[in-house]
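Please examine the sequence and the model shown below.

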Amino acid sequence: MQIPAQPFPFDFELAHTALVIIDMQRDFVEPGGFGETLGNDVSLLQAIVPACQGVLQAWRVAGGAVVHTREAHAPDLSDCPPAKRLRGNPSLRIGDAGPMGRILVAGEPGNQIIAALTPEPGEWVIDKPGKGAFYATGLHETLQAAGITHLLFMGVTTEVCVQTSMREANDRGYDCLLLEDCTESYFPHFKAATVDMLRAQGGIVGWTAPSSSLLAALA
Ligand code: TIU
(Lines give C-alpha, C1' and ligand atoms only; values in the text may rest on other atoms or scores of the structure.)
Protein backbone atom coordinates (compact mmCIF):
# COMPACT_ATOMS: atom_id res chain seq x y z
CA MET A 1 0.00 0.00 0.00
CA GLN A 2 1.05 3.60 -0.54
CA ILE A 3 -0.45 6.73 0.98
CA PRO A 4 0.28 10.38 0.20
CA ALA A 5 2.33 11.76 3.06
CA GLN A 6 4.99 14.30 3.91
CA PRO A 7 7.83 14.56 3.10
CA PHE A 8 7.05 11.90 0.46
CA PRO A 9 4.65 8.96 -0.03
CA PHE A 10 4.67 6.25 2.65
CA ASP A 11 4.80 2.61 1.50
CA PHE A 12 3.77 -0.20 3.84
CA GLU A 13 2.47 -3.73 3.86
CA LEU A 14 -0.56 -4.32 6.05
CA ALA A 15 0.82 -7.59 7.42
CA HIS A 16 3.98 -5.84 8.63
CA THR A 17 2.41 -2.67 10.01
CA ALA A 18 0.94 -1.92 13.43
CA LEU A 19 -1.31 0.94 14.50
CA VAL A 20 0.17 2.31 17.74
CA ILE A 21 -2.26 4.30 19.90
CA ILE A 22 -0.34 6.22 22.53
CA ASP A 23 -1.87 6.80 25.98
CA MET A 24 -5.52 7.44 25.03
CA GLN A 25 -6.32 6.81 28.68
CA ARG A 26 -8.69 8.67 30.96
CA ASP A 27 -5.73 10.22 32.87
CA PHE A 28 -5.00 12.51 29.91
CA VAL A 29 -8.33 12.92 28.12
CA GLU A 30 -10.88 13.24 30.93
CA PRO A 31 -11.19 15.79 33.75
CA GLY A 32 -9.74 14.75 37.12
CA GLY A 33 -6.71 12.89 35.76
CA PHE A 34 -2.98 13.43 35.49
CA GLY A 35 -3.30 15.87 32.57
CA GLU A 36 -5.58 18.16 34.51
CA THR A 37 -3.45 17.94 37.69
CA LEU A 38 -0.64 19.48 35.61
CA GLY A 39 -2.88 22.48 34.90
CA ASN A 40 -4.03 21.53 31.40
CA ASP A 41 -7.37 21.91 29.59
CA VAL A 42 -8.19 18.32 28.62
CA SER A 43 -11.04 19.28 26.27
CA LEU A 44 -8.46 19.98 23.55
CA LEU A 45 -7.55 16.29 23.53
CA GLN A 46 -11.14 15.08 23.44
CA ALA A 47 -11.53 16.63 19.99
CA ILE A 48 -9.44 13.93 18.28
CA VAL A 49 -11.43 10.98 19.64
CA PRO A 50 -13.81 10.65 16.63
CA ALA A 51 -10.91 10.66 14.16
CA CYS A 52 -9.04 8.06 16.22
CA GLN A 53 -12.18 5.92 16.38
CA GLY A 54 -12.60 6.08 12.60
CA VAL A 55 -9.04 4.93 11.97
CA LEU A 56 -9.18 2.18 14.60
CA GLN A 57 -12.41 0.80 13.11
CA ALA A 58 -11.05 0.80 9.56
CA TRP A 59 -7.74 -0.71 10.68
CA ARG A 60 -9.56 -3.50 12.54
CA VAL A 61 -11.70 -4.26 9.48
CA ALA A 62 -8.53 -4.44 7.38
CA GLY A 63 -7.08 -6.90 9.88
CA GLY A 64 -4.05 -4.85 10.94
CA ALA A 65 -2.18 -5.27 14.23
CA VAL A 66 -3.03 -2.81 17.02
CA VAL A 67 -0.95 -1.64 19.99
CA HIS A 68 -2.48 0.41 22.82
CA THR A 69 -0.13 2.01 25.34
CA ARG A 70 -0.84 3.42 28.78
CA GLU A 71 1.46 5.56 30.90
CA ALA A 72 1.18 3.53 34.09
CA HIS A 73 3.11 2.92 37.29
CA ALA A 74 3.05 -0.06 39.63
CA PRO A 75 0.93 0.52 42.76
CA ASP A 76 4.09 0.62 44.91
CA LEU A 77 5.59 3.22 42.52
CA SER A 78 8.76 1.11 42.27
CA ASP A 79 8.95 2.02 38.58
CA CYS A 80 8.36 5.74 39.13
CA PRO A 81 11.60 7.68 39.58
CA PRO A 82 11.31 10.18 42.46
CA ALA A 83 12.43 12.87 40.01
CA LYS A 84 9.27 12.24 37.98
CA ARG A 85 6.94 12.21 40.99
CA LEU A 86 8.43 15.28 42.65
CA ARG A 87 8.78 17.46 39.53
CA GLY A 88 6.84 20.72 39.46
CA ASN A 89 3.80 21.69 41.47
CA PRO A 90 0.84 19.58 40.30
CA SER A 91 -2.46 19.64 42.22
CA LEU A 92 -2.00 15.87 42.79
CA ARG A 93 1.19 13.85 42.37
CA ILE A 94 1.58 10.42 40.73
CA GLY A 95 0.20 7.85 43.18
CA ASP A 96 -2.06 10.34 45.02
CA ALA A 97 -5.78 9.58 45.23
CA GLY A 98 -7.85 11.59 42.74
CA PRO A 99 -11.44 11.47 41.48
CA MET A 100 -10.57 8.60 39.07
CA GLY A 101 -8.41 6.70 41.56
CA ARG A 102 -4.69 6.97 42.13
CA ILE A 103 -3.03 9.22 39.58
CA LEU A 104 -1.23 7.29 36.78
CA VAL A 105 -1.31 3.97 38.67
CA ALA A 106 -2.00 0.71 36.83
CA GLY A 107 -5.42 -0.79 37.42
CA GLU A 108 -7.06 2.45 38.57
CA PRO A 109 -10.16 3.77 36.74
CA GLY A 110 -8.24 6.75 35.41
CA ASN A 111 -5.58 4.49 33.91
CA GLN A 112 -8.01 2.73 31.56
CA ILE A 113 -8.14 3.41 27.84
CA ILE A 114 -11.12 5.68 27.08
CA ALA A 115 -14.35 3.83 26.30
CA ALA A 116 -14.41 4.92 22.64
CA LEU A 117 -11.11 3.14 21.97
CA THR A 118 -11.40 0.11 24.28
CA PRO A 119 -8.90 -2.59 23.27
CA GLU A 120 -10.30 -5.76 21.75
CA PRO A 121 -9.03 -9.27 22.48
CA GLY A 122 -5.89 -9.97 20.48
CA GLU A 123 -4.71 -6.35 20.52
CA TRP A 124 -1.55 -5.59 22.47
CA VAL A 125 -1.82 -3.37 25.57
CA ILE A 126 1.52 -2.05 26.79
CA ASP A 127 1.92 -0.40 30.19
CA LYS A 128 4.90 1.94 30.12
CA PRO A 129 6.52 3.78 33.04
CA GLY A 130 8.16 6.39 30.82
CA LYS A 131 7.10 8.76 28.11
CA GLY A 132 8.47 6.49 25.37
CA ALA A 133 6.71 3.19 24.58
CA PHE A 134 10.00 1.29 24.18
CA TYR A 135 11.62 2.18 27.52
CA ALA A 136 11.25 -0.63 30.10
CA THR A 137 8.60 -2.48 28.09
CA GLY A 138 8.68 -5.56 25.87
CA LEU A 139 7.24 -3.67 22.90
CA HIS A 140 10.24 -4.03 20.58
CA GLU A 141 10.46 -7.79 21.17
CA THR A 142 6.70 -8.17 20.63
CA LEU A 143 6.82 -6.27 17.35
CA GLN A 144 9.93 -8.12 16.17
CA ALA A 145 8.34 -11.50 16.89
CA ALA A 146 5.33 -10.47 14.82
CA GLY A 147 7.42 -9.26 11.88
CA ILE A 148 6.29 -5.65 12.25
CA THR A 149 8.49 -3.12 10.41
CA HIS A 150 6.17 -0.11 9.97
CA LEU A 151 4.22 1.83 12.61
CA LEU A 152 1.29 4.24 12.29
CA PHE A 153 1.03 6.51 15.33
CA MET A 154 -1.90 8.28 16.94
CA GLY A 155 -2.60 9.45 20.50
CA VAL A 156 -1.49 11.97 23.09
CA THR A 157 0.30 14.13 23.68
CA THR A 158 2.00 14.91 20.39
CA GLU A 159 5.23 16.40 21.71
CA VAL A 160 5.57 14.23 24.82
CA CYS A 161 4.67 10.53 24.63
CA VAL A 162 3.91 10.36 20.90
CA GLN A 163 7.09 12.10 19.79
CA THR A 164 9.26 10.23 22.30
CA SER A 165 7.83 6.88 21.18
CA MET A 166 8.21 7.73 17.51
CA ARG A 167 11.85 8.70 18.01
CA GLU A 168 12.52 5.50 19.97
CA ALA A 169 10.90 3.48 17.17
CA ASN A 170 12.87 5.30 14.48
CA ASP A 171 16.14 4.52 16.24
CA ARG A 172 15.13 0.85 16.35
CA GLY A 173 14.65 0.77 12.58
CA TYR A 174 10.89 1.13 12.18
CA ASP A 175 9.39 3.31 9.44
CA CYS A 176 6.96 5.55 11.33
CA LEU A 177 4.06 7.72 10.22
CA LEU A 178 2.10 10.11 12.44
CA LEU A 179 -1.61 10.59 11.66
CA GLU A 180 -1.84 14.37 12.00
CA ASP A 181 -5.51 14.73 12.98
CA CYS A 182 -5.35 11.76 15.38
CA THR A 183 -2.87 13.36 17.77
CA GLU A 184 -3.13 16.41 20.00
CA SER A 185 -1.31 18.45 22.58
CA TYR A 186 -2.47 20.64 25.44
CA PHE A 187 -0.42 23.27 23.55
CA PRO A 188 -1.50 23.58 19.88
CA HIS A 189 1.74 25.30 18.87
CA PHE A 190 3.72 22.34 20.29
CA LYS A 191 1.69 19.96 18.11
CA ALA A 192 2.32 22.08 15.01
CA ALA A 193 6.05 22.28 15.74
CA THR A 194 6.29 18.55 16.41
CA VAL A 195 4.55 17.60 13.17
CA ASP A 196 6.94 19.91 11.30
CA MET A 197 10.11 18.66 12.98
CA LEU A 198 9.38 14.93 12.69
CA ARG A 199 9.11 15.09 8.90
CA ALA A 200 11.81 17.73 8.30
CA GLN A 201 15.18 16.96 6.73
CA GLY A 202 13.77 14.28 4.45
CA GLY A 203 11.80 12.55 7.20
CA ILE A 204 14.47 12.60 9.89
CA VAL A 205 12.07 10.82 12.29
CA GLY A 206 9.36 9.75 9.87
CA TRP A 207 6.29 10.73 7.87
CA THR A 208 3.03 12.54 8.60
CA ALA A 209 -0.34 12.32 6.83
CA PRO A 210 -3.99 13.11 7.48
CA SER A 211 -6.10 10.10 8.47
CA SER A 212 -8.21 10.63 5.33
CA SER A 213 -5.23 9.43 3.25
CA LEU A 214 -5.00 6.18 5.23
CA LEU A 215 -8.76 5.65 5.16
CA ALA A 216 -8.82 6.11 1.39
CA ALA A 217 -6.08 3.50 0.97
CA LEU A 218 -7.91 1.02 3.22
CA ALA A 219 -11.31 1.52 1.54
N1 TIU B 1 1.20 10.55 27.41
C2 TIU B 1 1.88 11.68 27.59
O3 TIU B 1 2.11 12.42 26.66
N4 TIU B 1 2.26 11.99 28.90
C5 TIU B 1 2.40 13.28 29.37
O6 TIU B 1 2.76 13.50 30.51
N7 TIU B 1 2.07 14.28 28.49
C8 TIU B 1 1.99 15.61 28.76
O9 TIU B 1 1.80 16.37 27.82
N10 TIU B 1 2.10 16.04 29.99
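Pro 7 sits in the loop between β1 (2-3) and β2 (10-11), where helices (H or I, at least four residues) and strands (E, at least two) are DSSP runs numbered from the N terminus. The peptide bond that leads from Gln 6 into Pro 7 is cis, with omega near 5°. This is a predicted model, in which local features need pLDDT of at least 70 and side-chain atom pairs count only at pLDDT 80 or more, whereas totals for chains, interfaces and linings use all residues. Residues are numbered from 1 along each chain as its sequence is written.

A cis peptide bond also joins Val 156 to Thr 157, with omega near -15°, and Thr 157 is placed in the loop between β8 (150-156) and α7 (158-171). Asp 23, in the loop between β3 (17-22) and α1, is not a glycine but has a positive phi of about 55°. Leu 77, in the loop between β4 (65-71) and α5 (82-86), likewise has a positive phi, of about 60°, without being a glycine.

| Residue | Other C-beta atoms within 10 Å | Class |
|---|---|---|
| Asp 23 | 26 C-beta atoms | buried |
| Leu 77 | 18 C-beta atoms | partly exposed |
| Leu 178 | 27 C-beta atoms | buried |

Asp 23 also belongs to the surroundings of the ligand, which include Phe 28, Glu 71, Lys 131, Val 156, Thr 157 and Tyr 186, a residue being near a molecule if its C-beta atom, placed from the backbone, lies within 6 Å of it. This shell divides into 6 nonpolar, 1 polar and 3 charged residues, where Ala, Val, Leu, Ile, Met, Phe, Trp, Tyr, Cys and Pro count as nonpolar, Asp, Glu, Lys and Arg as charged, and the others, Gly among them, as polar.

Gly 33 lies in the loop between α1 (26-29) and α2 (34-37). Leaving aside neighbours within four places in sequence, Gly 33 is in contact with Arg 26, Asp 27, Phe 28, Gly 98, Met 100 and Gly 110, contact meaning that the C-beta atoms, placed from the backbone, lie within 7 Å. Leu 178, in strand β9 (residues 175-184), has among its contacts beyond four places in sequence Phe 153, Val 162, Met 166 and Val 195. The C-alpha atoms of Leu 178 and Ala 5 are 9.5 Å apart in space, although the two residues are 173 apart in sequence.

Phe 153 is one of the residues with the most contacts inside the largest nonpolar core, which has 53 residues, and Val 20 is another; such a core is a set of buried Ala, Val, Leu, Ile, Met, Phe, Trp, Tyr and Cys residues joined through C-beta atoms within 7 Å. Val 20 and Phe 153 are themselves in contact.

Overall, the chain has 9 helices and 10 strands, and buried residues make up 43% of its 219 residues. Of the contacts with a separation of 6 or more, 72% are between residues 24 or more positions apart.

Notes
A residue is buried if 20 or more other C-beta atoms lie within 10 Å of its own, exposed if 12 or fewer, and partly exposed in between; C-beta atoms are placed from the backbone. Two residues are in contact if their C-beta atoms, placed from the backbone, lie within 7 Å.
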